[in-house]
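Reader: I am new to this structure and would be grateful for a close look at a single helix and its surroundings. Please begin with the chain as a whole.

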Amino acid sequence: MTQSLEARTRRILEQYGIHARKKFGQNFLISQSVVDGIIGAAGITKEDTVLEIGPGIGTMTRSLAEAAGNVAAVEIDGTLKPVLDEVEEEFGNVTILYQDILRTDLPGLCARFGGGRPLKVVANLPYYVTTPILMQLLENRGLFESITVMVQKEVAERICAEPGSREYGAITLAVAYYSDPEIALDVPPSSFIPRPNVDSSVLVLKAHGEPPVRTDEKLMFAVIRASFNQRRKTLVNGIVHGLVVDGKPAGISREQAQEVLGRCGFAPTVRGETLSLADFAAIAGALREIV
Ligand code: SAM
């Protein structure tokens, strides 16, 4: 099976004169078992509308078209259009939009294709923009029932990291607010052409029905950003020097920051990288009274 998808991919690349473009993070899947694994992990059924980011030469798009009700795919590289035109023609339920996902109006796209229901995102993400794409999806979390994505293994580990570990960061907390992340499968470089220099993992994020913490969400993420932008500093320093609310410095004094942390049960020397989502939620709640 792997052999035949590899042969098919090489034939398409040759026939259309396509050379994988590094600047767009193009590594094409050549393993049908990995494609099936991703779609299985996403639990796609005919009831679903899928948003695929970066269909490439349409390898996963074809399998998604068979499994899902509808597929909307956003591809930045217009030179792939002749190959993707064939996929659109062969499957009546696929629409390809040629644009940058980071400049895509996601609410508009979901209204157009989802008919009012949340979409499922499925993608083998371009690794050079994984974090901005994930952050954009999470900022629009209400639009998506689940997000199943291939990412660098290192990024998957960062997202699943525990407080206090080296990998723990702002993205871990942004994902935790949306879902309990799970690594569904690890994927070796030999599953792609060209081969990436890194191992990959498929991450499944199923949206929480209700957010796991109740707080001022905007303020909580402002505190998280302030904390991780100044990673080696104490959270007090992060809040005093780095807390930005509505585009303006929050203007919190050292005494106020220490008082807020003390009220939440933390020492003045506490560092953000040791705190859980619930801890940040409590701090945002206490800060709300003074900003
Ligand atoms: N889905 C294909 C596969 O699995 O074989 C290709 C995956 S490849 C890792 C990433 C794809 O994302 C490429 O097709 C690339 O052109 C596309 N891409 C890169 N940056 C993008 C962006 N900002 N918006 C939309 N697509 C993008």
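Author: Among contacts (heavy atoms within 4.5 Å) in the protein chain between residues at least 6 apart in sequence, 68% join residues at least 24 apart. The model is predicted: local features need pLDDT of at least 70, side-chain atom pairs count only at pLDDT 80 or more, and totals for chains, interfaces and linings use all residues. Residues are numbered from 1 along each chain as its sequence is written, and side-chain values use heavy atoms, with hydrogens and water left out.

The protein chain has 12 helices and 11 strands; these are DSSP runs, helices being H or I of at least four residues and strands E of at least two, numbered from the N terminus. Of its 291 residues, 49% are buried, where buried means under 20% relative accessible area, exposed over 50%, and partly exposed in between (1.4 Å probe, protein chains only).

Helix α5 spans residues 106–114, and its buried residues are Leu106, Leu109, Cys110, Phe113 and Gly114. Seen down the axis of α5, these residues fall within an arc of 95 degrees, so they line one face of the helix; the arc is that of the directions from the helix axis to the C-beta atoms. An α-helix has 3.6 residues a turn, so residues three or four places apart point the same way. The buried residues of α5 pack against strands β2 (49–53), β3 (70–75), β4 (94–98), β5 (119–124) and β6 (144–152), and against helix α6 (130–139). On the other side of α5, Ala111 and Arg112 are exposed.

At the N-terminal end, Asp105 caps α5, with a side-chain oxygen 3.0 Å from the backbone nitrogen of Gly108. Just after α5, Gly115 takes a positive phi of about 55 degrees.

How values were computed
Polar contact = N/O pair within 3.5 Å; in protein donor to acceptor, adjacent residues only side chain to side chain.
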